[in-house]
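Please keep the sequence and the model in view while reading.

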Amino acid sequence: MILYNDKIVERRDVAIDIEDRGYQFGDGVYEVIRVYEGQCFFLDEHLDRLERSAKEIRLDWPCSRKDLQHNIEGLIRENQLSDGMVYLQITRGVANRNHLFPADTASVLTGYVRELVRPVEIMEKGIHTKLLDDIRWLRCDIKSLNLLGNVLLKQEAHEDQCKEAILHRDGTVTEGSSTNVFIVKEGKLFTHPATNLILNGITRLHIINLAKKAGVDIIEQPFTIDTLLQADEVFVSSTTMEIVPVVQIDQEIISGGKSGKITKALQKHFEDSIKLLKI
Ligand code: PMP
């Protein structure tokens, strides 16, 4: 079962129009929400970000927030989802193909769920990454459907046996192709500030809070490729990957090729916060 505007229906009963602006222009926004044991993790924060992304692209919000929350719960229940994700997207609707906003077209909201396992192996062993030029547009703070830059970068990393691309603009590290990037230097945690150049990850915000609670200094400041390569620890974060250590960047081995102390401690705090959901 999937969510189509305000109804939960069979997937085969939904036909997306060939002139849906999401399909033709990538004119829309989306969210990915993690579900652990049938419960959404940071639902409010994800919906806040979806609302913000919609506002930034001047997209009409198609329903009340309360109804959407209710439908997300219904979607999880109807599909008997335990561990997985909810994907939501809103497009500017169906209209004759024209770049200009259509005058009176209703937004189209779709949502579905998928089972996902936690990537425990890479969470423990870490990943190899590739440094690439951040070729994306200048509104990376909007979670827009336009992911072509991210797609090309992730594919290029993959073709070089790397699990993630770490991006930089003129030597300043921004984020990953689908993750935020953190480094540890002399016991302090650094990550790019939440500007137009990165997506302000919900996991990123959670990690910042966990670090503060654990007494780890967190500095939201841009850093260079040199600083990245000389870091004591590096990790990436996202809703689906949680916290994953980076043990190699191009040819450079990080943290002796293993997960670092602070990375492990934050993973433990993260795990504890998932367990709190079940209480
Ligand atoms: N940056 C980018 C470019 C992403 O696509 C994602 C994943 N949606 C993130 C960061 C991490 O965000 P979140 O923690 O909210 O999943």
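A residue counts as near a molecule or strand if its C-beta atom, placed from the backbone, lies within 6 Å of it. The model is predicted: local features need pLDDT of at least 70, side-chain atom pairs count only at pLDDT 80 or more, and totals for chains, interfaces and linings use all residues. Residues are numbered from 1 along each chain as its sequence is written. Helices (H or I, at least four residues) and strands (E, at least two) are DSSP runs, numbered from the N terminus.

**Surroundings of the ligand**

- Of the 14 residues around the ligand, those that come nearest are Leu-199, Gly-201, Ile-202, Thr-203 and Thr-239.
- The shell holds three nonpolar, nine polar and two charged residues; here Ala, Val, Leu, Ile, Met, Phe, Trp, Tyr, Cys and Pro count as nonpolar, Asp, Glu, Lys and Arg as charged, and the others, Gly among them, as polar.
- At least two residues of the shell come from each of helix H6 (202-213) and strand S13 (233-238).
- H6 gives the largest share of the shell, three residues.

**Helix H6**

- The expected span of a helix is 1.5 Å times one less than its number of residues. The twelve residues of H6 should therefore span 16 Å, and this agrees with the 17 Å between its end C-alpha atoms.
- Buried residues of H6 are Ile-202, Thr-203, Arg-204, His-206, Ile-207, Leu-210 and Ala-211. A residue is buried if 20 or more other C-beta atoms lie within 10 Å of its own, exposed if 12 or fewer, and partly exposed in between, with C-beta atoms placed from the backbone.
- His-206 counts as buried because it has 21 C-beta neighbours inside 10 Å.
- After H6 comes Gly-215, whose phi is positive, near 75 degrees.

- Six of the six residues of S13 are buried.
- Glu-233, Phe-235 and Ser-237 point one way from S13, while Val-234, Val-236 and Ser-238 point the other way. In a regular strand the side chains alternate between the two faces of the sheet.
- Strand S10 (residues 180-185) pairs with S13 in the antiparallel sense over five bridges; two strands pair if DSSP finds at least two bridges between them. Phe-182 stands opposite Phe-235 in S13.
- S13 and S14 run antiparallel and are joined by four bridges, with Val-236 opposite Val-244 in S14. A hairpin of three residues connects S13 to S14.

**Gln-248**

- Gln-248 lies in strand S14 (residues 242-249) and counts as partly exposed because it has 19 C-beta neighbours inside 10 Å.
- Leaving out residues up to four places away in sequence, Gln-248 touches His-128, Thr-129, Ile-253, Ile-254 and Gly-257; contact requires C-beta atoms, placed from the backbone, within 7 Å.
- Gln-248 and His-128 are 120 residues apart along the chain, yet their C-alpha atoms are separated by 4.6 Å.

**The six-stranded sheet**

- Six strands form an open sheet in the order S2-S1-S6-S5-S3-S4, with antiparallel pairing. Its edge strands, S2 (7-9) and S4 (39-40), each pair on one side only.
- Strand S1 (residues 2-4) and strand S6 (residues 108-115) run antiparallel and are joined by two bridges. Leu-3 has Gly-111 in S6 as its bridge partner.

Note on methods. Contact = placed C-beta atoms within 7 Å.
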